[in-house]
Amino acid sequence: MKRVFNFAAGPSMLPLPVLERAAREMTDVDGSGQSVMEMSHRSKEYKVIIERAEALLRELMGIPDSYGVLFLQGGGTAQFAMVPINLAYQREGQARRKVTYVDTGVWASKAAEEAAKYAEVRIAASSKDRAYSYIPAAPAPAPDDAYYHITFNNTIVGTKWPSIPDTGSVPLVSDISSCILSERLDVSRFGLLYAGAQKNLGPAGVTVVILRKDLIQKVPDWVPIMFRYDIQAENGSMYNTPPCYGIYIIKLVLEWMKDQGGLAVVEARNREKAALLYDYLDNSSFFRAPVEKGSRSLMNVPFVIRGEGGKELEDRFVKEAAAAGLVNLAGHRLVGGMRASIYNAMPIEGVRALIDFMKKFEGANGR
Ligand SMILES: *Cc1c(COP(=O)(O)O)cnc(C)c1O
């Protein structure tokens, strides 16, 4: 077996023990004589799986009982619409409600654009002026805001909010698709959190939503049934068939995290991995990390080659790294350069191997 170190931003690496266990259980899970893929989502065997996934998520993230957990479909992108539809709804004849967004990158601005179809969007701050290389100060919400939206970790540009902004009584909503379970997070500071699973949690096809139960309200009749938090919550994420296999893989990932020692241990490892890479970049005269120090992501680390002719060298870097078993290091097509996504499942050996390769590349091509 030959496994590569996969630095993709998503879908991304899963822990090897999870994949091996899924393989062992592929045709017969827990003595049921069935694969999870073949199982009725209403069966007692499946009920154990989905309940265990939720319980582990609650335990690892410290989710209070006053919050609901939903396993939905449609990715982070569906939440860009579901959030305003459910939290900023207007009945016929009522004025559109106000909501505030902070624009910290592509995903944040896509979320705001989608919300503008359903609510009155105010962009309170943006870091577009400097290519989204920092997190701006968060202006106060308007008192009549239905919610305040931030993108906690910006996957494409590699920034992360250094702290949770204080929005007072206005519910804070955050996209945590690329940082869920990467470090401890005080869930009680948020009204709603959402994350597509394919970055740090499991396979594409499942989206986790964590929301304060008192924010769940009735929505207008025009809202598609699958887009209603109230219906999804009343039915335990099983109004229709949920993404059963994906939820099962999430359960295995969470069990793996617990075996590792839980979130604090995983966070410490993530900090160590990111520090190794940023330290190397900050001390290099060949490579450079473009994100401001106070705004750097633990999960997505972009870097470029300094000086003239960098682009050509970058293409070569990505190609030669792939040949050495370090794959998917090209930056997002919108920003170029390189990006190493080092999610929970990336072992520290992968980061060390990347740095060794960078040193060699610099030695061969340094100017
Ligand atoms: C990947 C990503 C998305 C989009 O996720 P989909 O599940 O593909 O819709 C949204 N927000 C952030 C922060 C992301 O990293």
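Colleague: Is the crossing of α3 and α4 left-handed or right-handed?
Modeller: This is a predicted model, in which local features need pLDDT of at least 70, side-chain atom pairs count only at pLDDT 80 or more, and totals for chains, interfaces and linings use all residues. Residues are numbered from 1 along each chain as its sequence is written, and side-chain values use heavy atoms, without hydrogens and water. A crossing is right-handed if the near helix is turned clockwise from the far one by less than a right angle, and left-handed if anticlockwise. For α3 and α4 the crossing is right-handed.

Colleague: At roughly what angle do the axes of α3 and α4 cross?
Modeller: Helix α3 covers residues 75-87 and helix α4 residues 106-115; helices are DSSP runs (H or I, at least four residues) numbered from the N terminus. The axes are lines fitted to C-alpha atoms over the stretch in contact, with angles from 0 to 180 degrees between N-to-C directions. They come within 8 Å and cross at roughly 45°.

Colleague: Which residues of α4 does α3 meet?
Modeller: Contact means heavy atoms within 4.5 Å. From α3, Thr77, Phe80, Ala81 and Pro84 take part, and they meet Trp107, Lys110, Ala111, Glu114 and Ala115.

Colleague: Which helix gives the most to the lining of the largest pocket?
Modeller: A pocket is an open set of points on a 1 Å grid where a 1.4 Å probe fits, with protein on both sides within 12 Å along at least five of seven lines; lining residues have an atom within 4 Å of a point. Here 24 residues line the largest pocket, and Trp107 is among those nearest its centre. The most, four residues, comes from α3.

Note on methods
Helices (H or I, at least four residues) and strands (E, at least two) are DSSP runs, numbered from the N terminus.
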